[in-house]
Amino acid sequence: MSNELHIDAVDREILFHLRQDGRLTNVELAKRVGLTPPPCLRRVKRLEEAGVITGYRAVIDAEALGRGLEVLVDVEIYANDRRTVEEFETTVASYEEVTEFRRMYGRPDYFIRVAVAGHAAYEAFLTGKLSGLPAVLRVTSHLTMKQIKTTG
């Protein structure tokens, strides 16, 4: 017997609707996927317990928080010893401006999503925090012209 979770079409429909609106009531969700509330709730609980649904959150408008400029940053480092890499990752992850931080295979070594108030704030972040870190070899900034799609 396999411990692997089987996700069927109804589960996928539940996940679709929860991605669109995580605040749906169980009654409304059940109606949208064609179930009665008790089996719908059992499926949601099963998906949560299996780790498929890892949480619920609010999506915040960055502009409303004074962080309307989003910059995608590629970072290459020259260090490859564990201590330096861990220090770099811990430091960058602690920056409030960093909204996403990924270690990549190949080049660049890291992908960072930064949200700041504007160009001056990004320059201050780049020169005052990121570029000055000991492990940093190269930083390439990509400013967003237009956001086409986001899945939150």
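Below are questions and answers on the predicted model shown above.

User: What rules apply to residue numbering and to this predicted model?
Analyst: Residues are numbered from 1 along each chain as its sequence is written, and side-chain values use heavy atoms, leaving out hydrogens and water. The model is predicted, so to speak of local features takes pLDDT of at least 70, side-chain atom pairs count only at pLDDT 80 or more, and totals for chains, interfaces and linings use all residues.

User: How many helices and strands does the protein have, and in what order do the elements run?
Analyst: Helices (H or I, at least four residues) and strands (E, at least two) are DSSP runs, numbered from the N terminus. The protein has five helices and four strands. From the N terminus on, the order is α-α-α-β-α-β-β-α-β.

User: What is the radius of gyration of the protein?
Analyst: The radius is taken over C-alpha atoms, and the globule rule is 2.2 Å times the number of residues to the power 0.38. The C-alpha trace spans about 55 × 45 × 25 Å along its principal axes. A compact globule of 152 residues would come near 15 Å, but the protein has 20 Å.

User: In what order do the strands form the sheet, and which stand at the edges?
Analyst: Strands pair if DSSP finds at least two bridges between them. The open sheet has the order 2-3-1-4, with antiparallel pairing. Each edge strand has a single partner, so one side of it is left without a neighbour in the sheet; the edges are strand 2 (98-103) and strand 4 (136-143).

User: Which residue is the bridge partner of Asp74 in strand 4?
Analyst: Strand 1 (residues 69-77) and strand 4 run antiparallel, joined by seven bridges. In strand 4, the partner of Asp74 is Thr140.

User: Which residue in the turn between strand 2 and strand 3 has a positive phi?
Analyst: Five bridges join these antiparallel strands. Arg103 stands opposite Tyr110 in strand 3. Six residues lie between the two strands of the hairpin, and the turn residue with a positive phi, about 75°, is Gly106.

User: At what angle does helix 4 run to strand 2?
Analyst: Axes are lines fitted to C-alpha atoms, for helices over the stretch in contact, and angles run from 0 to 180 degrees between N-to-C directions. Helix 4 (residues 82-94) lies across strand 1, strand 2, strand 3 (110-116) and strand 4, and its angle to strand 2 is about 160°.

User: Which residues of helix 2 are buried, and within what arc do they fall?
Analyst: Buried means under 20% relative accessible area, exposed over 50%, partly exposed in between (1.4 Å probe, protein chains only). In helix 2 (residues 26-33), the buried residues are Leu29, Ala30 and Val33. The arc is that of the directions from the helix axis to the C-beta atoms. The buried residues line one face of the helix, because seen down its axis they fall within an arc of 100°.

User: Against which helices do the buried residues of helix 2 pack?
Analyst: Val27 and Lys31 are exposed on the other side of helix 2. Contact means heavy atoms within 4.5 Å. The buried residues pack against helix 1 (9-20) and helix 3 (37-49).

User: Is Glu97 buried or exposed?
Analyst: Glu97 lies in the loop between helix 4 and strand 2. Leaving aside neighbours within four places in sequence, Glu97 is in contact with residues including Arg67, Arg113, Phe125 and Lys129. With a relative accessible area of 16%, Glu97 is buried.
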